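Please look over the sequence and the 3D structure below before reading on. The briefing that comes after them is meant for a reader who has not seen this structure before.

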Amino acid sequence: MKQQLIDFFEFKFHLYRYKTLKNLFHRVRVKEFMSKDEKKLFDIQLKPKSIIFDVGGYEGSFTERLFNKNPQSFFYVFEPIYKFYKNIKRKFENTDNIFIFPVGLSDENKTIPLELNFDRTSHSGMLDVDSQFELSNLKSISEFIIEKKIESIDLLKLNVEGAEYEILNNLINTNLICRIKTLLIQFHLNENIDYSKYKILKNKILKTHKSEFNSIFVWEKFTLKTF
């Protein structure tokens with residue numbers, strides 16, 4: 001039965017070859033998840049002084065909700081789009097344990113064009129020439145962790161429009177993935193090759209973490225295995 005479900009989703013994801021069908025299919029699935037299962041995103045057991053990485057801060061709402069429940073934790077929020085960064089900075093300007101960075105995270109330090117698409121950005125290498133874009137700075141996640149001497153991350157939340165593949169592979173290749181207790185990831189299908197990348201990457205993640213819930217290409221949660 002499990003393989004039948006996998007085969008079913010394999011068929012469904014052929015829709016992602018067509019942009020209109022992809023957007024429609026994704027919106028329906030996100031809406032369904034948020035109406036039924038949104039609480040799963042915040043059902044995370046954190047201790048005082050936990051460390052949370054919110055990568056893809058956007059408006060800061062994810063951090064805000066977790067902070068309200070865990071006001072003694074330390075939040076690192078990364079947002080490469082400057083107008084979103086300024087809004088988050090303003091929102092938390094009187095909060096000492098929320099640190100906002102005007103960069104995105106990746107597998108290396110670089111500057112790339114990010115396409116601005118209403119309330120989201122695109123990390124795809126295929127930019128629409130008629131779209132607005134912003135040159136944004138990205139920093140290696142492994143370099144950041146080492147520079148800041150962070151020994152353990154209680155939660156890494158990734159909603160980065162496709163950069164999750166680079167970020168996670170970097171963590172796996174440096175073995176820093178073992179420092180992360182909980183992963184909360186929204187995987188994306190921006191290009192046809194992304195489904196194959198997803199399957200390979202997920203198998204790597206499952207070597208160190210176990211799946212807690214899986215709404216594929218909407219949200220997935222993994223927790224560190226205890227050996």
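The structure is a predicted model, and the protein in it has seven helices and 11 strands. Of its 227 residues, 47% are buried. Among contacts with a separation of 6 or more, 63% are between residues 24 or more positions apart. The accessible surface comes to about 12800 Å², and carbon and sulfur atoms account for 52% of this surface.

**The nonpolar cores**

- The largest nonpolar core has 36 residues, and those that touch the most other members are Phe53, Leu168, Leu171 and Phe187.
- At least two residues of this core come from each of strand E1 (51-55), strand E2 (74-78), helix H5 (141-147), strand E8 (155-158), helix H6 (164-173), strand E9 (182-185) and helix H7 (194-205).
- The element that gives the most to this core is H6, which supplies five residues.
- Leaving out residues up to four places away in sequence, Leu168 touches Leu158, Ile177, Leu183, Ile185, Phe187, Leu201 and Ile205.
- Another core, of 21 residues, lies apart from the largest one, and its members include Phe42, Phe75, Val77 and Phe92.

- How much of H6 is buried? Seven of its 10 residues are, so this helix is largely enclosed by the rest of the structure.
- The buried residues of H6 are Glu164, Tyr165, Ile167, Leu168, Asn170, Leu171 and Ile172.
- After H6 comes Asn175, which has a positive phi, near 65°.
- Two packed helices are described by the angle between their axes and the distance between the axes.
- For H6 and H7, the axes come within 11 Å and cross at roughly 30°; angles under 35 degrees count as roughly parallel, and the two helices are therefore roughly parallel to each other.
- The crossing of H6 and H7 is left-handed, and the contact involves Glu164, Tyr165, Leu168, Asn169 and Ile172 on the H6 side, with Asp194, Lys197, Tyr198, Leu201, Lys204 and Ile205 on the H7 side.

**Buried residues in loops**

- Asn97 is in the loop between helix H4 (82-91) and strand E3 (98-101), and its relative accessible area is 13%; because buried means under 20%, Asn97 is classed as buried.
- Not counting residues up to four places away in sequence, Asn97 touches Phe67, Pro71, Gln72, Ser73, Phe74 and Phe75.
- Although Asn97 and Phe67 are 30 residues apart along the chain, their C-alpha atoms are separated by 9.5 Å.
- Thr208 is placed in the loop between H7 and strand E10 (209-215), where Thr208 is buried with a relative accessible area of 15%.
- With neighbours within four places in sequence left aside, the contacts of Thr208 are Ile177, Cys178, Thr223, Leu224 and Lys225.
- Asn70 sits in the loop between H3 and E2, and Asn70 is also buried, with a relative accessible area of 11%.
- Leaving aside neighbours within four places in sequence, Asn70 is in contact with Leu46 and Phe75.

**Residues with a positive phi**

- As background, most residues other than glycine have a negative phi.
- Lys49 is not a glycine, yet its phi is positive, at about 70°.
- The C-alpha atoms of Lys49 and Asn70 are separated by 8.5 Å, with the two residues 21 residues apart along the chain.
- Tyr58, another residue other than glycine, has a positive phi near 55°.
- Tyr58 has its place in the loop between E1 and helix H3 (61-69), and Tyr58 is partly exposed, with a relative accessible area of 27%.

Conventions. Residues numbered from 1 in each chain as written. Predicted model: local features only at pLDDT ≥ 70, side-chain atom pairs only at ≥ 80, totals over all residues. Heavy atoms only, no water. Helix = DSSP H or I, 4+ residues; strand = E, 2+ residues; numbered from the N terminus. Buried < 20%, exposed > 50% of the residue type's maximum accessible area, 1.4 Å probe, protein only. Contact = heavy atoms within 4.5 Å. Areas by Shrake-Rupley, 256 points an atom, 1.4 Å probe, with all protein chains shown as cover. Core = buried A, V, L, I, M, F, W, Y, C linked by side-chain atoms within 4.5 Å. Axes fitted to C-alpha atoms, helices over the stretch in contact; angles between N-to-C directions. Parallel < 35°, antiparallel > 145°, perpendicular 65-115°, else oblique. Left-handed = near helix turned anticlockwise from the far one by under 90°.
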